[in-house]
Amino acid sequence: MKSSLSPEQLAEIAAARTQSNQTRRPTVPALEEILYEALPVLDHGFVRVIDYFGDDAAIVQAARVSYGTGTKKISDDRNLIRYLLRHRHSTPFEMCEIKLHVKLPIFVARQWIRHRTANVNEYSARYSILDREFYVPEPAKLAAQSQSNRQGRGEVLAGSAAEQTLAAIEGLSNEAYEIYERLLNEGDKADPEKPGLARELARMVLPTNYYTQWYWKVDLSNLLHFLSLRADDHAQYEIRVYAETILDIVKRWCPIAFEAFQDYRMGGTAVSGPGMAVIKRLLAGENVTQADSGLSKREWTELMATLGRPA
């Protein structure tokens with residue numbers, strides 16, 4: 001899987017990675033290793049760390065200002081961070097920020113932007129011409145609509161159905177770009193007597209599988225919330241792979257916070273009051289059924305799956 005970077009972009013990244021700046025502020029060696037590097041995602045996308053502020057120590061520092069000097073005597077850094085995350089104390093995690101450069105399909109960007117807790121600046125097709133780069137799913141990710149979930153996928157397409165679908169996606173995407181170029185009238189064979197359509201209008205013919213780019217700056221608290229939703233197994237694959245790449249970045253950046261996040265958010269679960277009552281009854285040896293549990297069928301099924309019991 002390769003990110004489609006031009007030779008000029010690769011040269012710029014290589015030059016940036018050779019630079020070194022003296023600073024008195026804390027840095028994270030593991031994150032410095034990948035600073036500016038384009039981490040490939042999907043067929044043409046990537047995630048790059050452009051800058052960051054803070055680390056695990058910054059979380060602890062902020063919390064101890066809040067809790068007073070006594071905290072340091074009763075809890076080491078790891079236990080304090082785990083306590084903060086376990087009890088949803090978010091402000092200490094807001095002391096850490098990261099700025100990412102992301103290249104992603106437009107339809108993924110439209111999902112992503114719903115998280116309105118970051119600073120975003122997107123590449124503008126009003127001023128610039130988009131590259132001829134569009135997302136085509138791998139055959140293994142080409143699935144039919146789920147029959148049980150309106151926003152999910154079902155069986156993977158195979159044979160002629162898959163071939164025809166992929167051909168349709170590629171054909172439509174290429175045709176749309178050819179129309180886009182004709183509207184702009186800026187190609188090698190452009191007619192000087194025919195004014196090109198304004199870029200802000202020409203862009204409307206491109207489908208949402210075309211790639212866009214943005215700078216996305218977010219604090220660690222809001223980033224972890226984003227990841228808890230978008231790195232989840234139920235998230236759409238195309239945004240989930242970006243979230244998984246960012247998870248690896250967080251692991252390098254704030255490893256103690258990452259460990260706590262994995263344990264309490266990704267590896268944990270939320271249980272309602274009635275759900276907790278069911279668990280207590282089960283622990284007491286009662287034979288509890290969905291009918292007498294007070295839970296809906298869906299909540300009952302989810303709870304039993306969490307507990308590893310048949311529904």
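**Notes on rings and cysteines**

1. The count comes to 9 aromatic pairs, where rings of Phe, Tyr and Trp (its six-membered ring) pair if their centres lie within 6.5 Å, and where planes under 30 degrees apart count as stacked, over 60 as edge-to-face and the rest as tilted. One of the pairs is formed by Phe107 and Tyr135, whose ring centres are 6.1 Å apart and whose planes stand at 45°, so this pair is tilted. The partners come from distant parts of the chain, 28 residues apart, with Phe107 in helix α6 (residues 106-112) and Tyr135 in the loop between β4 (119-122) and β5 (143-145); helices (H or I, at least four residues) and strands (E, at least two) are DSSP runs, numbered from the N terminus.

2. Please keep in mind that this is a predicted model, in which local features need pLDDT of at least 70 and side-chain atom pairs count only at pLDDT 80 or more, while totals for chains, interfaces and linings use all residues. Residues are numbered from 1 along each chain as its sequence is written, and side-chain values use heavy atoms, with hydrogens and water left out.

3. Phe107 counts as partly exposed at 23% relative accessibility, whereas Tyr135 is buried, with a relative accessible area of 5%; here buried means under 20% relative accessible area, exposed over 50%, and partly exposed in between (1.4 Å probe, protein chains only).

4. Tyr177 and Tyr210 have ring centres 5.8 Å apart and planes at 10°, so they make a stacked pair. Because Tyr177 lies in helix α7 (residues 159-184) and Tyr210 in the loop between α8 (199-202) and β7 (211-219), the pair ties together parts that are 33 residues apart in sequence. Both Tyr177 and Tyr210 are buried.

5. A cluster linked by ring pairs takes in Trp112, Trp214, Trp216, Phe226 and Tyr242.

6. Charges also sit over rings, which requires NZ of Lys or CZ of Arg within 6 Å of the ring centre and within 35 degrees of the ring normal. The charged end of Arg25 is placed over the ring of Tyr52, 5.7 Å from its centre, and Lys103 lies over the face of Tyr211, at 5.9 Å from the ring centre.

7. How many disulfides does the structure hold? There are 0 disulfides, a disulfide being a pair of cysteine sulfur atoms within 2.5 Å. For Cys96, the nearest cysteine sulfur is that of Cys254, 4.3 Å away, which is too far for a bond. Cys96 is buried at 0% relative accessibility, and Cys254 is buried with a relative accessible area of 0%.
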